[in-house]
Amino acid sequence: MEQNTDQFYRFCAVQPWAATLSNEEIIALIKETPFSLEQTDLGRDYCYFLNKDYYTDDAKNADYALMAYTLSQPENLERASMYDMTLEENELFEFHRISVLRNGVLIDKIPDTKIKVLDNETNSNGGILSSSKKLNISIKDLRLNDVLILEDCRVKTFAEKEFLRKDFVKHVFVTADNYWAYGEYNYRFINNRDRKVAYKECFFRDENGNVLPKETGMLNKGENYSIHYKNYINPVDSGRELYPFVDFATEASWKELSNYIYPLYKDVLENADLSSFAPDLVETLDNLPDLDAKIRYSIEFVQNNIYYIFNADEMNGHKPQSAEVTYQNKQGDCKAKSVLLKVILDYLQVDSQIVLVNYNADFYIKYYLPSLLSFNHVIVKIDYKDNEYFVDATSRNEFGTLENRSVLSFCFYLPVNENQELQMRKPTTWNNYAVDEEIRLKAVGNQGDFSIKSTYRFNRANNMRNYFRNTNKREILDSWNNAMFYTLNYCNDRNGKDYRDIFKNAAIEIVSDDKEANEFTVKYTATIEQPYFIDQKNKRFLMYFDRNVLKNGVRDFQHSDASYWHNFDSERYDILLETDQKIDTEERFTIQECDIDNSFFKHKTKKSITKNSGRVQITYDPITNKEILLSEIEDIKEAYHKVADSNFGIGIDIIEPGFMNFLKHKFGKN
């Protein structure tokens, strides 16, 4: 059956509020200038002009653009000739102009444009329900060095269920990508809503590159905010600086917003009676031995037995489904699953609340203006035994009592309750080690017996359990072999050799899987022919340096705007290297220990050296989910540099047999 394409796109005149131009004005703007010629000589893609308008009223949002740019590169020509546009439910794409300027003549390309309306199949599986469509737009006979002129507008009309979008606007304007050079760049935000819209400028800079103070303002109905640049390339250093942006949001405080949303959840929570609609679940809970077991069962029941449906068309409304409907249908979105989990916890008399988060935009929430539309996910916060835990009811295959479960990484949240402010979660400490390994390498003659016993906890246990369940065993072994190839430093004396020829009889087995404690233990064993690393002077070493201990992201951090999010697992390693050869018991790095203790992590190495062995016990205890401010980063980087200074493993030097080798060794040391 043919679709009514009018509901998805149309060719029409420009809206009266848009910054359109006549054909004569467009041709006049498409002129070469010293600036445009300079960009062309540099091989940079050039846009003669870009007019962007964002219009909002109480019934719709509209995103308008008019631009003209050169098709000077084959890649640009290819992208312009065919591209896709995804539309949400009740979103209409208006085409106003598709033209090219070729040899000084403006040619209308709308007759050469073909549009197909497709279901957005990429978002229609895995529990995602979406009425979105995809427009496939193809334009015939575009040629290199044409100037393409596009004028269009994306209009989103609010459905009745999108009451949140009707009552509030949220828009973030991010300045232009520095890939392009612009002859003119114009942006406007047009407020035609009854309520005032606040704006906030962030990370704009002066001529010397210094960040300017955040500018704020207010737009009444009929007012607009505008930016104009001429001969413009965004000066942002994108590797070390954040793109300047402007946040727009309907004027409101966090307290006002929490009081707006709380009644929606209050209704479904206060009217829920678990005993009446889920007597079988209540009976199961009542028969469990203690409250820890009941909490664990409740979380895993909602995570694994209630099918997660992400209804993209309803996520911008915050009316949650009742717990009874979710339980009976065994399906629901994040709001529905979180409500059901809280109802169960309320039955158990466990203190909990529903909270709003946005994992993806978490860093920016502290800069954004207050808005419910800054959040895109709902989870549950549990206060239990003087600790706070956050549980994502949409997760699957997670196990363990509450203190042993996965730890979510984010900073800001808004509790769904009365008179709430934006909250910053407390930094997290670990009550055990997420990675706990015992490494043994014993070299006798020219053979080494090697083993690693690894116990994983928290997120690591869940992830590793899933990895072993879903991955071919040969692939798992190759992964371990590959890691050991670098950890034992064989990459520097036998690079290019097949790992399977180095690690003979390699095997890996699951030792135990304790789902209550959420501990997953595996053991890897192998026989190594020629276990020693041999340098260019034919000196032999036994080495084990696990680069997973290194936190290179911190050590290499150079950003001047964004702080660093300290989010690492706790780790413990017990490494024993033994040999039938005599070793240098005085070598500096062999005997070196360290003890680092700061406000972000503790790292300790304890050594035990004999004439034939070296053992190191490494413990790493980080505080996770904590922001390292720019004022703190250099001190923390220095501490991690100290970890990298041979304090992430152990190496032992072999003293070769014979009196002359002994003298060489002594002479070399002196």
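Rings of Phe, Tyr and Trp, the last taken as its six-membered ring, pair if their centres lie within 6.5 Å. The legends below describe close-up views of a predicted model.

**View 1. A cluster of aromatic rings.** Ring pairs join Tyr-54, Phe-173, Tyr-187, Phe-189, Tyr-199, Tyr-225 and Phe-248 into a cluster. Over the whole structure, a search gives 54 aromatic pairs.

**View 2. The ring pair of Tyr-179 and Trp-180.** The ring centres of Tyr-179 and Trp-180 are 5.6 Å apart and the planes stand at 80°, so the pair is edge-to-face; planes over 60 degrees apart count as such. Tyr-179 has a relative accessible area of 40% and is partly exposed. Trp-180, at 16% relative accessibility, counts as buried, because the cut-off for a buried residue is under 20%.

**View 3. The ring pair of Phe-468 and Trp-480.** Here the centres of the rings of Phe-468 and Trp-480 lie 5.9 Å apart, with the planes at 70°, so this pair is edge-to-face. Phe-468 belongs to helix α11 (residues 458-470) and Trp-480 to helix α12 (residues 473-487), so the pair ties together parts that are 12 residues apart in sequence. Both Phe-468 and Trp-480 are buried.

**View 4. The largest nonpolar core, around Tyr-524.** This core has 61 residues, and Phe-450, Phe-503 and Tyr-524 are those with the most contacts inside it. Not counting residues up to four places away in sequence, Tyr-524 touches Phe-450, Ser-451, Ile-452, Leu-477, Trp-480, Asn-481, Met-484, Phe-503, Ala-506, Ala-507 and Ile-508.

**View 5. The packing of helices α7 and α8.** Helix α7 (residues 279-286) packs against helix α8 (residues 291-305) at an angle of about 145°, and the axes are 9 Å apart. The crossing of the two helices is right-handed. On the α7 side the contact holds Leu-281, Thr-284, Leu-285 and Asp-286, which meet Lys-294, Tyr-297, Ser-298 and Phe-301 of α8. By type, the residues of this contact are four nonpolar, two polar and two charged.

**View 6. Gln-303 and its contacts.** Gln-303 is placed in helix α8. With 1% relative accessibility, Gln-303 counts as buried. Leaving aside neighbours within four places in sequence, Gln-303 is in contact with Lys-337, Val-391, Asp-392, Ala-393, Ser-395, Arg-396, Glu-398 and Arg-405.

**View 7. Lys-539 in a loop.** Lys-539 sits in the loop between β29 (533-534) and β30 (540-545). At 32% relative accessibility, Lys-539 counts as partly exposed. Apart from neighbours within four places in sequence, Lys-539 is in contact with Phe-533, Ile-534 and Ile-654. Lys-539 and Tyr-524 are 15 residues apart along the chain, and 28 Å separates their C-alpha atoms.

**View 8. The whole protein, for orientation.** The protein has 17 helices and 38 strands. Its C-alpha trace spans about 95 × 75 × 55 Å along the principal axes. Of the 670 residues, 52% are buried. Among contacts between residues at least 6 apart in sequence, 73% join residues at least 24 apart.

How values were computed:
Residues numbered from 1 in each chain as written. Predicted model: local features only at pLDDT ≥ 70, side-chain atom pairs only at ≥ 80, totals over all residues. Heavy atoms only, no water. Axes fitted to C-alpha atoms, helices over the stretch in contact; angles between N-to-C directions. Helix = DSSP H or I, 4+ residues; strand = E, 2+ residues; numbered from the N terminus. Left-handed = near helix turned anticlockwise from the far one by under 90°. Contact = heavy atoms within 4.5 Å. Nonpolar A, V, L, I, M, F, W, Y, C, P; charged D, E, K, R; others polar. Core = buried A, V, L, I, M, F, W, Y, C linked by side-chain atoms within 4.5 Å. Buried < 20%, exposed > 50% of the residue type's maximum accessible area, 1.4 Å probe, protein only. Phe/Tyr/Trp six-rings, centres within 6.5 Å; stacked < 30°, edge-to-face > 60°.
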